[in-house]
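Please read the following report beside the sequence and the model.

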Amino acid sequence: DNGGYLIAMSDDVLLKDDRNQEHDKELVDYIMSRAHIIDYKGSGWTMDNMTHPEFLSKLYDEFRNAGIGYVKILNSETGEFEPYVECNLGVNDGKVILNLANYGQEPRTVKVYFNDKLIENAYELRNRENVGGSITIDPYDSITLQLEDENVFFDTYGHWAENEILSLNKDGIINGVSASRYAPEDDITRAEFLALLVRCAGTEGAAYNGEIADVPADEWYAESCAAGIKAGVISAGDNFRPNDKITREEMCKMLVDCYENTKNAINDYADVSFTDTALISDINSVKKAVSMKFMIGNADGSFAPSDTATRAEAAAVIKRYTDALNK
């Protein structure tokens, strides 16, 4: 996540040690259960006669698919992989940091690609100068670069909600699950969605005094709940079910209540019809959320009120909500 090493190995490499003795199976299972497993059967992968650049090229494709940040270092003159320059990658304070080291005996001029994009706007941290497209590193020397305007969530590159996630993160509304991952396809809970809304409403920092039965005062979302009460999104005394996955219908209710209380206005709504309207219990909130373009129906004409939402879907909804607030 933050400057560690990624080890790529075949699945049989852990079976025996260097003395041909079997490794502890429990330990092997522990490691493999936490590994990103890539199945190459029938994919054309073979190590026979594969060159180092060919191997790296195929590996980079897997990194891209797995949402892992990766760096390519090419010789500026030949355009080939530069074997003498190594790179460590990390994320610090919302910025991508690269440390390049030249282990060769001659100066090396290289072009650096981060997630397949040529670095043309990076600052050397010691002198804060833009290094441009080509970087020269002296023998046994290193250079530390800070990339500007990069998406630090490596698992959102090319994702349909990448722009919404990046915009909301820069505005301080959403955070990742780590320094370099957003987990866009994970479900979002009621407490997590409420936290996004109260940041938009500007009601953060409210004191929580145990107003909700199922919200302990020492939980991270306690203050969000206090802010949610202040913003009129949730009510004191009710069970909030903070760790339940939020449904699409519940999102509508929270969005509309927060918007109307923030704007101090009751919004009109157009009549909308879905193929599953009979399954919607709070039809007015759904109609308002759809009329205000916070939420949209599905391509098949349904609304799916009981379906849960992913973190990416929540980001898209919150982006529409903030755009409406700022009009």
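The model is predicted, so local features need pLDDT of at least 70 and side-chain atom pairs count only at pLDDT 80 or more, while totals for chains, interfaces and linings use all residues. Residues are numbered from 1 along each chain as its sequence is written, and side-chain values use heavy atoms, with hydrogens and water left out.

**Strands**

Helices (H or I, at least four residues) and strands (E, at least two) are DSSP runs, numbered from the N terminus. Two strands pair if DSSP finds at least two bridges between them. An open sheet is formed by five strands in the order S2-S3-S9-S6-S7, with antiparallel pairing. Strand S2 (85-92) and strand S7 (129-130) are its edge strands, each pairing on one side only. Eight bridges join S2 to strand S3 (residues 95-102) in the antiparallel sense, and Asn 92 stands opposite Lys 95 in S3.

In a regular strand the side chains alternate between the two faces of the sheet. Buried means under 20% relative accessible area, exposed over 50%, and partly exposed in between (1.4 Å probe, protein chains only).

S4 pairs antiparallel with strand S1 (residues 71-75) over five bridges, and Asn 75 stands opposite Val 110. Strand S8 (residues 135-137) is joined to S4 by three antiparallel bridges, with Arg 108 opposite Ile 137. Strand S5 (residues 117-118) is joined to S4 by two bridges, also antiparallel, and Phe 114 faces Lys 117 there. Two residues lie between the strands in the hairpin of S4 and S5, where Asn 115 takes a positive phi near 50°.

**Helix H6**

Helix H6 (residues 248-263) has 16 residues and reaches 22 Å from its first C-alpha to its last, close to the 22 Å expected at 1.5 Å a residue. That expected span is 1.5 Å times one less than the number of residues. Twelve of the 16 residues of H6 are buried, including Met 251, Leu 255 and Tyr 259. Their cover includes helix H4 (190-201), helix H7 (283-291) and helix H8 (311-325). Just after H6, Asn 264 takes a positive phi of about 55°.

**Surface patch and salt bridges**

Ile 7, Met 9, Val 13, Leu 27, Tyr 30 and Ile 31 make a nonpolar surface patch of about 590 Å². Patches are made of residues with over 30% relative accessible area and no salt bridge, with like charges joined within 9 Å and nonpolar side chains (Val, Leu, Ile, Met, Phe, Trp, Tyr) within 5 Å. Val 13 is partly exposed, at 44% relative accessible area.

The structure holds twelve salt bridges, each a side-chain nitrogen of Lys or Arg within 4 Å of a carboxyl oxygen of Asp or Glu. The table gives some of them.

| Pair | Closest N to O |
|---|---|
| Asp 116 and Lys 72 | 3.0 Å |
| Glu 124 and Arg 126 | 3.0 Å |

Lys 287 is buried at 15%, whereas Asp 271 is exposed at 65% relative accessible area. A network of salt bridges links Arg 190, Arg 241, Asp 244 and Glu 250.

Note on methods. Areas by Shrake-Rupley, 256 points an atom, 1.4 Å probe, with all protein chains shown as cover. Contact = heavy atoms within 4.5 Å.
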